[in-house]
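Let's go through this one together, question by question. Have a look at the picture, then read on.

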Amino acid sequence: MSQRNSYAVGTGLFIVLGFAALAYLATQTTSIANTHQGASYTVQAHFANIGQLKERAPVKIAGVRVGQVRSIVLDPEKEAAEVTLAIDERYSHIPDDSVAAIFTSGLLGDQYVGIQYGNSNKDVAEGGTLARTKPAQQLEEMLGKFFGAGGVADNLGGSYTLKARFSNVGALSAGAPVKMAGVPIGSVAAVHADPVRLDAEVILVIDKKYDQIPDDSAAAVFTSGLIGTQYVAIQPGGSPEMLKNGDEMVLTQSAMQLEDLIGKFLVNGSPSEQKDAPAGKQ
Amino acid sequence: MSAQPQRNVIANALAQIGEAGLFGLTLLAAVPRSMKHARETVRQLWFVGAMSLTIIMVCGLFVGMVLGLQLYYVLSIFGGTAASGTVVAIAIYRELGPVVTALLFAGRAGTSITAEIGLMRATDQLAAMEMMAVDPIAYVAVPRYLAGLIAMPLLCAVFCALGIFGGHLVGVTWLGIDNGTFWSNMTATVDVWKDVVNGIVIKSAVFGAVVSLIAVYQGYTTPPTSEGVAYATTRTVVASSIAILALDFVLTAFLM
């Protein structure tokens with residue numbers, strides 16, 4: 001009888017262990033776990049563009065991890081992403097003029113929020129807001145500035161369903177996200193070529209929540225990271241008039257083709273080409 | 001195999017699959033009758049499940065550790081070591097967890113089931129049970145089959161947990177990937193239904209059913225000689241391995 005009991009107990013333990021492992025994996029290693037919080041205090045920051053920042057991304061001061069991103073929501077009134085940072089209570093003395101910026105670890109790495117200390121004597125309060133922020137740098141914008149291609153709009157076209165015309169949509173396809181300040185607000189309904197004007201007409205379907213987009217906002221085709229998928233980014237303008245259903249967005253920026261950029265770079269940077277070319281022919 | 005005629009290999013294989021399928025139906029039909037032998041099922045669960053925990057845990061740990069190491073090496077070329085948590089979790093949930101657990105299970109528990117039932121057959125214990133009006137299907141075969149069916153998903157869950165712990169140990173503790181990035185990337189990408197439930201629950205339950213069926217069938221139909229038991233044990237491992245890997249492809253195609 002005692003031997004019978006011992007294996008029964010062992011079998012019970014085995015079953016409990018198995019289910020415990022399953023429950024742990026299902027709740028702690030999947031998207032369900034994102035609600036987890038530790039002892040921390042929260043600070044908010046508004047970013048014009050969060051890039052690829054995700055919830056639970058690290059928050060760093062001087063490169064040292066001090067907390068994590070708790071939530072990211074779009075604030076339609078400010079046309080900015082509202083990012084809530086949960087910071088370890090030990091590091092609660094952050095001057096209220098500190099700058100929050102979104103950085104990338106390496107070229108393809110993940111993005112994180114870096115806080116650079118300010119000089120103010122006042123600390124930012126629990127639940128307060130860091131007023132000074134720097135948005136995530138888009139690779140296309142940086143490359144665009146670098147090549148003098150015009151930061152915002154290099155192409156005039158003309159369109160809640162909104163229309164936008166691009167001279168080149170790159171690999172953009174129907175279903176791709178439309179983002180403002182890095183937060184998805186809609187999707188691309190259709191991409192087709194205009195046989196008369198010989199450009200691409202893109203139909204954007206945008207969430208009714210976000211009907212406060214100024215009519216001088218710019219639409220641009222961006223790529224997530226260096227090798228990611230393409231999406232349409234809307235950069236808000238300053239006009240008091242808002243875009244309405246069926247309007248066409250006038251300011252657009254076409255997709256940057258990596259080949260074009262590299263081609264320009266090779267033509268302009270002739271020394272490197274001359275060095276490389278003979279070596280290639282030999 | 002060499003003891004049997006080599007001709008009609010394909011026909012023999014098909015006949016074996018068909019007989020195993022029919023035997024599986026016999027087992028399912030006998031499940032209600034075996035309910036009065038529930039204690040025997042628990043004893044078998046202890047034997048094939050709880051006693052397999054050690055090998056499953058050790059192997060899971062090392063699979064996770066080697067994944068962490070390899071991924072760190074490859075991903076550091078692209079500066080993407082932050083993704084290693086995601087890749088470890090998805091690789092383990094979707095493929096390595098169910099498949100490696102099933103292969104280990106076939107080697108650890110399947111062989112012993114075949115050998116045990118085969119020896120019962122060879123020493124006429126099954127015939128003796130029939131003489132005593134004890135149904136050997138309900139008393140011997142079904143409890144072992146049910147135990148394998150229940151044990152596989154649980155073993156797979158333990159394997160996956162240890163695998164992720166191993167990946168975390170190597171990636172975060174030794175190689176210095178950020179702990180939060182490791183978990184945040186994992187939790188941002190891994191989905192409960194598509195990854196955890198499909199992998200741990202569905203795949204491993206199917207593997208458990210197939211491996212246990214093969215093990216019980218091979219044991220039950222063993223030629224009653226010591227050589228027959230040896231061949232049956234070998235065939236359990238070979239047939240189980242092929243079935244696991246082939247079914248894995250089919251299941252992945254369906255569950256994607």
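**Rings and charges**

A:Lys179 sits over the face of A:Tyr231, 4.5 Å from the ring centre; a charge counts as over a ring if NZ of Lys or CZ of Arg is within 6 Å of the ring centre and within 35 degrees of the ring normal. This is a predicted model, where local features need pLDDT of at least 70, side-chain atom pairs count only at pLDDT 80 or more, and totals for chains, interfaces and linings use all residues. Residues are numbered from 1 along each chain as its sequence is written, chains are lettered from A and ligands numbered from 1 in the order written, and side-chain values use heavy atoms, with hydrogens and water left out.

Q: Which residue lies over the face of A:Tyr112?
A: Here the ring belongs to A:Tyr112, and the distance from the ring centre is 4.5 Å. The residue over that face is A:Lys60.

Q: Is A:Tyr112 buried or exposed?
A: Buried means under 20% relative accessible area, exposed over 50%, and partly exposed in between (1.4 Å probe, protein chains only). A:Tyr112 has a relative accessible area of 17%, so it counts as buried.

Q: How many residues apart in sequence are the parts tied together by B:Phe23 and B:Tyr220?
A: Rings of Phe, Tyr and Trp (its six-membered ring) pair if their centres lie within 6.5 Å, with planes under 30 degrees apart stacked, over 60 edge-to-face and the rest tilted. B:Phe23 and B:Tyr220 make a tilted pair, 5.3 Å centre to centre with 40 degrees between the planes. B:Phe23 lies in helix H1 (residues 9-34) of chain B and B:Tyr220 in helix H8 (residues 192-220) of chain B; helices are DSSP runs (H or I, at least four residues) numbered from the N terminus. So the pair ties together parts whose separation in sequence is 197 residues.

Methods
Helix = DSSP H or I, 4+ residues; strand = E, 2+ residues; numbered from the N terminus.
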